[in-house]
Amino acid sequence: MSTSRRVDLSCFSLFVWLACWAIPALVAVLTADPASAATRLIGSGLNSVAITGQLDGLSGAGGGPPALAQPMNVHATARILCAGSPLKPPCVSADGTSAVQIGWYDISTDDVRTRLERRLEPYGTWTLRKTIDQPIESHYQIYDQGLAPDTRYCYRLTAEGSNGETRTSAPACVVTQIANDRPVTRAQLRIVVANVADAGTDGSFKVALTEPHGDLPSGNFTAINTPRDDLERGSDVTYELNVPGVAAFRDVTRISFGSSSTDEVCVEEIQLILNGNENNGITPDRGGVVYERFFGTTASTCRWVGGIHGPLLVDHAALRAAPEFAAFTGGADIVSLGREEIEARLEPLIGTLFYERT
């Protein structure tokens with residue numbers, strides 16, 4: 001799906017029907033035995049994410065207390081910006097910092113103590129934020145306050161059992177908000193494929209601009225390669241991306257371009273473009289490139305993606321360090337959408353639904 005190929009708008013009624021059928025299935029939560037799984041429904045704006053963590057309980061040896069079950073992964077369930085008046089709880093001052101709500105379920109049978117730790121990404125050390133010196137019977141949540149804006153933090157839990165055994169959860173991360181952030185109205189990814197042997201692909205590739213499920217923000221995902229002949233060697237195509245999950249500029253927390261197939265593509269150059277709203281001339285094009293990288297034109301210098309080489313990932317730190325990201329000034333307000341842009345924006349929605357979400 002590219003901006004050079006359009007979708008007939010007669011597909012729109014089919015898309016609406018498919019969306020009405022697919023959305024309830026996407027948000028359905030599968031139930032499980034409470035002794036073996038815990039399910040948490042997390043809301044992020046208008047999106048809901050069902051997260052199920054499998055917990056393996058092991059019996060203690062020699063008739064002693066049962067071993068401590070692996071603690072449920074910690075989740076950042078909300079972000080609050082501490083700016084403006086009146087203040088939103090749990091903010092303590094209107095200083096532009098952020099507060100993050102941390103929540104988890106604990107179904108361990110013999111925990112006596114839980115420690116919550118935080119790490120400043122990407123190079124910080126784990127520091128203790130809170131110790132809970134009592135068993136947690138089910139759900140627990142706290143707020144971590146005074147966080148720097150537009151900063152990535154990771155959290156983890158360590159539970160201690162009555163037999164002295166400890167278990168530590170996998171980390172979960174969140175990017176905090178910033179005051180007066182710019183809205184994101186359109187997202188596009190330009191991919192130039194190197195003109196070398198075997199550099200093109202017919203495989204299925206995906207793009208995400210946010211963290212995986214379990215982190216906030218969540219929900220951004222686009223399937224950009226369908227059974228058409230795109231991502232061919234020597235091609236230069238700008239793909240439309242879905243924008244749910246990236247309402248604000250700093251909701252773009254990474255660029256992930258990858259595939260689960262064994263096929264590979266070799267990228268010569270990549271650009272992320274935000275708010276390029278031409279609108280058939282109605283609105284001036286005020287968007288811009290917020291990240292770009294040139295890899296190379298030969299088989300040894302272009303960036304192979306997919307297969308054994310894995311995804312092309314631009315993490316939060318690299319994205320924020322890009323001079324284009326720092327210089328981005330936003331874009332003009334949208335007052336109207338032209339036909340071509342409407343068609344372009346429908347492409348990733350329909351394509352993702354057909355090829356990845358059915």
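**Exercise 1. Determine which cysteine is bonded to Cys266 and characterise the link.**

Step 1. Cys266 and Cys302 form a disulfide, with their sulfur atoms 1.8 Å apart; a disulfide is here a pair of cysteine sulfur atoms within 2.5 Å. The model is predicted: local features need pLDDT of at least 70, side-chain atom pairs count only at pLDDT 80 or more, and totals for chains, interfaces and linings use all residues. Residues are numbered from 1 along each chain as its sequence is written, and side-chain values use heavy atoms, with hydrogens and water left out.

Step 2. The torsion about the S-S bond of Cys266 and Cys302 is about 100°, so this disulfide is right-handed.

Step 3. The pair links distant parts of the chain, 36 residues apart: Cys266 lies in strand S16 (residues 264-274), and Cys302 in the loop between strand S17 (288-294) and strand S18 (303-306). Strands (E, at least two residues) are DSSP runs numbered from the N terminus.

Step 4. Cys266 counts as buried at 0% relative accessibility, and Cys302 counts as buried at 6%. Buried means under 20% relative accessible area (1.4 Å probe, protein chains only).

**Exercise 2. State the pairing of the bonded cysteines in sequence order.**

Step 1. The count comes to three disulfides.

Step 2. Numbered in sequence order, the bonded cysteines pair 1-2, 3-4, 5-6.

Notes
Helices (H or I, at least four residues) and strands (E, at least two) are DSSP runs, numbered from the N terminus. Buried means under 20% relative accessible area, exposed over 50%, partly exposed in between (1.4 Å probe, protein chains only).
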